[in-house]
Amino acid sequence: MLKQAIIMLQEYLKSLGVYAQIHFELEGCFKSSLVKSPVDFSLVNHTLAALDIDGEIVNEYWKNQWEYVSLFNGQSPLKEADNLTRTIAHLPRIFAKNGFHETLIQPVVWSGDQGKLACGSHDIFTTDTRAVHIPNAIQLNVSVINSQGVNIIPYDGFGEYLQQCFLETSKDCSLLYLPEEEAFERFKLKSYYGLAQELCSPYNISGGHQGSIALYKEYGKHNQRMGEEPLLFDLQNNVLLSAHNWHKTARVEHRLGASSKAYNAYVNVLFALANVADAIEAYQQGVDLPSVTKVVSAISLPTSLYSHQSPQPNNQENTIGAIDLFDQSHWFNKRINKVQQLMRHKAITFETLPSNIGDVIKKQILADYQQEIIELPLTFN
């Protein structure tokens with residue numbers, strides 16, 4: 001049903017003359033007795049390619065940390081969801097065959113490395129060997145291509161508006177990309193353990209080009225020039241001349257997802273496509289997007305899956321958890337329901353879907369977190 005819903009959203013966007021390009025990045029760690037530095041992932045990547053997975057494994061910053069990077073092979077959003085789902089499922093077995101005895105796909109790898117950065121440096125470590133708890137993320141990148149093959153993220157304020165859509169929907173939908181309790185511990189690492197200098201992972205919902213929901217146009221997260229393509233090399237293979245084709249690589253990057261075996265790629269692709277549908281409708285209806293795009297202040301994320309109520313009345317410590325936030329909100333399911341109504345008679349596949357498919361999907365997502373309450377009958381002696 002999730003796959004059918006994704007196909008429905010893809011077809012809806014196609015009927016509007018656009019398609020979305022979605023790519024994932026997944027961070028994780030491994031444990032290994034092998035003494036290799038850096039690790040050669042060529043055999044792992046060969047296996048991924050043989051499994052028809054459009055991605056590869058590369059080294060990441062921390063010791064024994066790796067990153068799955070999606071390849072730009074023109075895959076559909078549905079295929080990209082398949083890629084990540086199969087990667088999470090197969091990677092422990094693939095790593096085991098190549099000498100890595102434990103694969104860690106989890107929000108935090110506790111005491112995963114050691115060290116303390118020198119003040120003001122991002123590369124030089126002191127002799128302090130305190131433990132570093134490694135945060136691992138799943139990032140989701142979105143571009144939107146029109147019928148002429150042009151990425152419209154850079155034009156007419158569309159990228160800013162799509163970014164705003166994600167900024168406004170991400171808190172209520174945090175359950176989708178933070179699917180387990182440890183995911184919320186990931187956001188506390190910098191402040192709880194004094195790792196602000198060592199860790200650069202986000203901890204709230206913020207925009208700009210360096211926030212947790214970032215719009216990359218001319219410049220990326222580290223203020224690097226985007227879309228640089230080498231044109232001329234010298235005899236030592238140094239780049240002498242390059243082009244700055246950032247329009248092709250412009251995208252919105254959702255950087256809040258937590259690495260987890262419970263992460264549902266299909267649900268998160270639906271979340272992304274629903275935001276694209278909102279943005280493209282406004283774009284094509286002639287809305288002046290720059291005039292309706294507002295500055296969104298940083299938004300705090302939930303601190304847990306579960307709501308907590310203080311025993312004291314009117315206490316500010318009352319907090320709503322991610323499960324209840326998603327349960328009480330209606331954007332996600334109503335947006336999918338709306339597309340279903342518009343597409344119901346477009347293809348027999350969509351006619352056979354249950355009515356209000358968004359409501360059905362939302363109910364299934366929540367069902368995974370709701371425990372059955374067994375009421376024992378009262379007995380009288």
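**Confidence first, then the interior**

Let me begin with residues 372–381, over which pLDDT stays under 50 and for which the model has zero contacts beyond four places in sequence. This is a predicted model, and where pLDDT is low, the predicted coordinates should not be read in detail. For the protein chain as a whole, the mean pLDDT is 83, with 77% of the residues reaching 70 or more. If we go element by element, the lowest mean pLDDT, 60, belongs to strand β10 (residues 239–244), while the highest, 97, belongs to helix α5 (residues 174–177).

With that in mind, let us turn to the cavities. How many cavities of 30 Å³ or more does the structure hold? There is one, and the space in the largest cavity comes to about 40 Å³. Its lining is made up of Ile138, Leu140, Tyr177, His254, Gly257, Tyr263, Asn268 and Phe271, and by class these divide into five nonpolar and three polar residues, with no charged ones. Three elements, namely β7 (137–146), β11 (251–258) and α9 (265–284), each supply at least two residues of that lining.

Helix α9 is also the place of valine 267, which I would like to consider next. Is valine 267 buried or exposed? Its relative accessibility is 5%, and because buried means under 20%, valine 267 counts as buried. Leaving aside residues up to four places away in sequence, valine 267 touches Leu2, Leu176, Phe332 and Ile365. Between valine 267 and alanine 5 there are 262 residues of separation in sequence, yet from C-alpha to C-alpha they lie 9.5 Å apart in space.

Which side chain does the side chain of aspartate 54 meet in a polar contact? The partner is the side chain of asparagine 83, at 3.0 Å. Again not counting residues up to four places away in sequence, the residues that aspartate 54 touches are Tyr68, Val69, Ser70, Leu71, Asn73, Gln75, Lys79 and Asn83.

Key: Residues numbered from 1 in each chain as written. Predicted model: local features only at pLDDT ≥ 70, side-chain atom pairs only at ≥ 80, totals over all residues. Heavy atoms only, no water. Polar contact = N/O pair within 3.5 Å; in protein donor to acceptor, adjacent residues only side chain to side chain. Contact = heavy atoms within 4.5 Å. 1 Å grid on protein atoms, 1.4 Å probe; cavity = no way out; pocket = protein on both sides within 12 Å on 5 of 7 lines; lining within 4 Å. Points joined across faces, edges and corners; volume = space filled by probe spheres on them. Helix = DSSP H or I, 4+ residues; strand = E, 2+ residues; numbered from the N terminus. Nonpolar A, V, L, I, M, F, W, Y, C, P; charged D, E, K, R; others polar. pLDDT = per-residue confidence, 0-100. Buried < 20%, exposed > 50% of the residue type's maximum accessible area, 1.4 Å probe, protein only.
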